[in-house]
Amino acid sequence: MKKAGLIGLCLLLCLCVSQPAVALSKRGSRGEEVTRIQQALKQRGYYTGAVDGVYGSGTQAAVTAFQRDNGLSADGIAGHQTLTALGLSAGNTDSDYQLLARVISAEARGEPYIGQVAVGAVILNRIEHPSFPDSLTGVIFQNGAFTCMTDGQFSVEIAESAYSAARDALNGLDPTGGAIYYYNPATATNQWIRNRPVVYTVGAHVFCQ
């Protein structure tokens, strides 16, 4: 059951035609879809302008360069193939992918990129673990599981890097090797978690089993 659920979660990153969404974005387009394209391009070093949701000449040039480097038709239009190559699933703004990115951002904003991926991996590892709920929403909204749910960070705008970290975690990247807990030694007051076997350390977080 859990494995099937995780596979279904990963498919959200690929099924770009399954949602009723804008078919393509091009110069002159505006909106959240364009914002997501700009964020993805900026994360990959193709776009240096403002993430403003406006598909102008800078966004078009960045899309064209990305297309050229990835063997796509370099027409500057972000259609289905380009969105897929960018790892974007058009129209799934309320999907589990977005939820995972939000928690990664809230829990690991300012951490090294690989540390953000590690937080995402822990969340996904919990779905597979018998001691935790078997769905992403169940894990994230489990009472007391994540401090971001009570300190206000969950409602803060998602950091751009968290989107890529969520995709990498969903695609199987797990620098922790299977950790199901993490904590900040500088702030953690729970002695129980401090006694868990440590398997990975990066930035301000310690990851453990």
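This is a predicted model: local features need pLDDT of at least 70, side-chain atom pairs count only at pLDDT 80 or more; totals for chains, interfaces and linings use all residues.
**Overall fold**

The chain holds 9 helices and 3 strands. Along the sequence these elements follow the pattern α-α-α-α-α-α-α-α-β-α-β-β. Of the 209 residues, 44% count as buried. Among contacts in the chain with a separation of 6 or more, 63% come from residues 24 or more positions apart.

**The sheet**

Strands of a sheet pair through backbone hydrogen bonds, either parallel or antiparallel. In this model 3 strands form an open sheet in the order β1-β3-β2, and the pairing is antiparallel. The edge strands are β1 (181-183) and β2 (198-202), each of which pairs on one side only. On average, neighbouring strands of this sheet are turned by 20 degrees against each other, direction ignored.

Strand β2 is joined to β3 (residues 205-208) by 4 bridges, and the two run antiparallel. Valine 202 has histidine 205 of β3 as its bridge partner, and tyrosine 200 stands opposite phenylalanine 207 in β3. The hairpin of β2 and β3 has 2 residues between the strands, and glycine 203 in this hairpin takes a positive phi near 60 degrees.

Helix α6 (residues 113-128) lies across β1, β2 and β3. The helix runs at about 30 degrees to β3.

**The pair α5 and α8**

Two packed helices are described by the angle between their axes and the distance between the axes. For helix α5 (residues 96-108) and helix α8 (residues 160-170), the axes come within 8 Å and cross at roughly 115 degrees. The crossing of α5 and α8 is right-handed. On the α5 side the contact is made by Tyr97, Gln98, Leu100, Ala101, Ile104 and Ser105. On the α8 side it is made by Ala162, Tyr163, Ala165, Ala166, Arg167 and Leu170. The residues of this contact divide into 9 nonpolar, 2 polar and 1 charged.

Helix α8 is largely enclosed by the rest of the structure, because 8 of its 11 residues are buried. The buried residues are Ala162, Tyr163, Ser164, Ala165, Ala166, Arg167, Ala169 and Leu170. After α8 comes glycine 172, whose phi is positive, near 105 degrees.

The side chain of serine 105 has a polar atom 2.8 Å from the backbone nitrogen of alanine 159.

Definitions and conventions:
Residues are numbered from 1 along each chain as its sequence is written. Side-chain values use heavy atoms; hydrogens and water are left out. Two strands pair if DSSP finds at least two bridges between them. Axes are lines fitted to C-alpha atoms, for helices over the stretch in contact, and angles run from 0 to 180 degrees between N-to-C directions. Contact means heavy atoms within 4.5 Å. A crossing is left-handed if the near helix is turned anticlockwise from the far one by less than a right angle, and right-handed if clockwise. Ala, Val, Leu, Ile, Met, Phe, Trp, Tyr, Cys and Pro count as nonpolar, Asp, Glu, Lys and Arg as charged, and the others, Gly among them, as polar. A polar contact is a pair of N or O atoms within 3.5 Å; within protein, one must be able to donate a hydrogen and the other to accept it, and residues adjacent in sequence count only if both atoms are side-chain atoms. Buried means under 20% relative accessible area, exposed over 50%, partly exposed in between (1.4 Å probe, protein chains only).
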